Amino acid sequence: MSQKDSTSSNANRFLSVSEVQKRIISDIKAIDGTEQVAIREALGRILAQDIVATFDTPPCDNSGMDGYAFSSKELTSDLSEESTLTLKIAGQSFAGHPYNGEIAAGEAIRIMTGAQVPDGVDTVVMQEHTEKSGDTPEAASVTITTIPKAFANVRKAGDDLKTGQTFLSEGKKLSPTDLAFLATQGIAEVRVSRKLRVAFFSTGDELRSIGETLGEGDIYDSNRYSLYGMLQNLDVEMIDMGVIPDDRQAIEEAFKTAADIADAVVTSGGVSVGEADFVKETLEKLGQINFWKISMKPGKPLAFGTLGNSLFFGLPGNPVSVIATFYQFVQPALKRMKGQNIFLPLVVKAKTTELLKKRPGRTDFQRGILEQSDSGELTVRNAGIQASHVLTAMSQANCFIVIPAQSGSIEIGEMVDVQPFEGLLS
Ligand code: AMP
Ligand code: MG
């Protein structure tokens, strides 16, 4: 875990986004605890073991086409492209019903897609390139009108997986394809990391919960809902602790309870300069917490450290700041805790179609709309008013436009870094 920043110069220094990401991530280990679940239950979970193939997939050579299987030895050098080749039909191999007889020279068997290619044949000609004659099984023959290449249309045993091969690795988030992949090996259950328990609450005397009446100067607590959504996307067990007033005892109790029950605690509000000092005092009393000023917009204040046995993230109160800091710091950290091996946000380049206003100083996470032109080029534009209390642009946005700290405004046509929101890709 990060040691508390001790020097006062550190306390006043602005840290870069990547510096904070590094400090947070470098100390985080995957939580202990795994569970064995049926593969359907494992969808979206993080694999806690390597999975090794115990037999070849496909298990036997099989046909990639409906047609006729024969030996490549029939493809003698005197056959030209215009030639035809007539073979006697010795029998048939259907999916689930293999052919068990002999196949002599000059013979072929009728074969269907996925059916076993028996010993003695190694090439399949598709049905569309043949003509069948003779009605009785004894008299039936097939004429190949377009001669295939030797070994054509045969899917070899072990094409996909070889016995002993690790085909899914610890730390992989299991996709629908992975469930199919496990099923091809007849695997019914896998070991995944246990669900992370995350407690969260909002702080502020002005905050009311939905259903309550707003008094003068009050607002509804919205951060608990964005946090709920972002945590839900991470498939964690959530403990919603509600709104905690700016009251020393209430805050201390909430922090203690949260730390007792959760692997991670996420709060919003109460960490900016000018907030009641007792939040800081309480946190310092209960844990090892750093209070950072981050050179980012929106965002800036962030408290991070340990509270008892759990990790603590104190996010700023402004609704857009909560979302921006969650995506940059909390999400990668929680993914790491879950044991996931890919955790940082994806960044792509896009061309701006509008002037993006910015002053040099802090890294901007502007709310943007990422689009694709007819030619496939990614373009991005401003999603609306860029203020940390304005949810309108955040709601319109499908990405953050990341503009480096030193940079000024970005002219039309320049390339910028863009972080697509996860939903856009899934
Ligand atoms: P703070 O970080 O507590 O100083 O809050 C900064 C701004 O965010 C203030 O305008 C607060 O009213 C607002 N804010 C704090 N928490 C919430 C919340 N849970 N929902 C909506 N707005 C909030
Ligand atoms: Mg507050």
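Phe 329 is buried, with a relative accessible area of 1% (buried means under 20% relative accessible area, with a 1.4 Å probe and protein chains only). The structure is a predicted model, in which local features need pLDDT of at least 70 and side-chain atom pairs count only at pLDDT 80 or more, while totals for chains, interfaces and linings use all residues. Residues are numbered from 1 along each chain as its sequence is written, and side-chain values use heavy atoms, with hydrogens and water left out.

Phe 329 is placed in helix α7; helices are DSSP runs of H or I with at least four residues, strands are runs of E with at least two, and both are numbered from the N terminus. When neighbours within four places in sequence are left aside, the contacts of Phe 329 are Val 17, Val 20, Gln 21, Ile 24, Ile 294, Met 296, Leu 302 and Phe 313 (contact means heavy atoms within 4.5 Å). From Phe 329 to Arg 23 the C-alpha to C-alpha distance is 10.0 Å, although 306 residues separate the two in sequence.

The chain holds nine helices and 27 strands. Its domain assignment gives domain 1 (7-33 + 194-338), domain 2 (35-55 + 173-193), domain 3 (62-155) and domain 4 (348-420), with bounds that come from an automatic or database domain assignment. Between the C-alpha centres of domain 2 and domain 4 the distance is 38 Å. The C-alpha trace spans about 95 × 50 × 45 Å along its principal axes. Of the 426 residues in the chain, 45% are buried. Among contacts with a separation of 6 or more, 71% join residues 24 or more positions apart.

The largest pocket is lined by 38 residues, and Pro 298, Asn 318, Ser 321, Ala 387 and Ser 388 lie nearest its centre. A pocket is an open set of points on a 1 Å grid over the protein atoms alone, where a 1.4 Å probe fits, with protein on both sides within 12 Å along at least five of seven lines; lining residues have an atom within 4 Å of a point. Domain 1 and domain 4 both contribute residues to the lining, so the largest pocket lies between them. At least two lining residues come from each of β14 (197-203), β16 (219-220), α7 (319-337) and β24 (363-372), and β24 gives the most, with three residues.

How values were computed. Chains are lettered from A and ligands numbered from 1 in the order in which they are written. Buried means under 20% relative accessible area, exposed over 50%, partly exposed in between (1.4 Å probe, protein chains only).
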